[in-house]
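Have the sequence and the 3D view open side by side as you read.

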Amino acid sequence: MSSNAETQESRGDVFKWAVVVLLVAVAVVGNNFYSAESLLYRLIAVVVLAGIAGFVALNTTKGRSFAKLAREAKTEIRRVVWPTRQETVQTTLIVLAVVIFMSLVLWGVDSLLGWIVSAVIG
């Protein structure tokens with residue numbers, strides 16, 4: 001019984017995804033076809049079609065799971081302990097110092113290897 005329901009749901013999802021692809025194609029082709037029209041009108045049409053396509057996509061199984069993931073991510077972001085301004089500045093300065101140091105080390109190794117290779121060849 002559940003297998004039959006899953007098959008019908010997946011067929012419905014395939015139809016919904018086909019509608020989403022069709023709406024996006026209409027937006028792209030319509031934007032190109034009506035290129036002589038005002039950019040504002042074309043933008044409004046593309047935004048409306050994208051909104052409808054998004055609504056249809058969110059009504060699929062994958063769309064609902066994506067919406068659930070987005071809600072959980074928003075909840076998780078609220079739990080994050082963000083660094084203070086001082087911590088951010090200190091970390092940034094440490095990263096810059098390490099980058100400068102490593103670039104000097106790599107420049108030195110490159111120069112040394114270049115000198116060795118030129119001495120062997122020349």
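The report below goes from the overall layout to the details of individual side chains.

## Overall layout

Keep in mind that this is a predicted model. The protein splits into domain 1, residues 8-80, and domain 2, residues 83-121. Between the C-alpha centres of domain 1 and domain 2 there are 45 Å.

## Transmembrane annotation

An unreviewed UniProt entry marks residues 14-33, 39-58 and 93-117 with the feature "transmembrane region".

## The nonpolar core

Which residues make up the largest nonpolar core? There are seven of them: Val20, Leu23, Ala27, Leu49, Ala53, Val56 and Ala57. Helix H1 (2-33) and helix H2 (39-58) are the elements that each give two or more residues to this core. H2 is the main contributor, with four residues.

Ser10 belongs to helix H1. Its relative accessibility is 38%, so Ser10 counts as partly exposed.

## A nonpolar patch on the surface

Nonpolar side chains also gather on the outside of the model. Ile94, Val98, Phe101, Met102, Val105, Leu106, Val109, Leu112, Leu113, Trp115, Ile116 and Val120 form a surface patch, and together they have about 1,200 Å² of accessible area.

Take Ile94 as an example from this patch. Ile94 is part of helix H4, which covers residues 85-121. Is Ile94 buried or exposed? Ile94 is exposed, because its relative accessible area is 56% and the cut-off for exposed is over 50%.

## One salt bridge

How many salt bridges does the count give? The count comes to one salt bridge. The partners are Arg79 and Glu76, whose closest N and O atoms are 3.4 Å apart. Both Arg79 and Glu76 lie in helix H3 (residues 61-79), three residues apart, which is about one turn of the helix.

The two partners fall into separate accessibility classes. Arg79 has 59% relative accessibility and therefore counts as exposed. Glu76 has a relative accessible area of 43%, so Glu76 is partly exposed.

Notes:
Residues numbered from 1 in each chain as written. Predicted model: local features only at pLDDT ≥ 70, side-chain atom pairs only at ≥ 80, totals over all residues. Heavy atoms only, no water. UniProt positions renumbered as here; feature names shortened; annotations may be inferred. Patch = residues over 30% accessible without salt bridge, like charges linked within 9 Å, V, L, I, M, F, W, Y side chains within 5 Å. Areas by Shrake-Rupley, 256 points an atom, 1.4 Å probe, with all protein chains shown as cover. Salt bridge = Lys/Arg side-chain N within 4 Å of Asp/Glu carboxyl O. Buried < 20%, exposed > 50% of the residue type's maximum accessible area, 1.4 Å probe, protein only. Domains from an automatic or database assignment. Core = buried A, V, L, I, M, F, W, Y, C linked by side-chain atoms within 4.5 Å.
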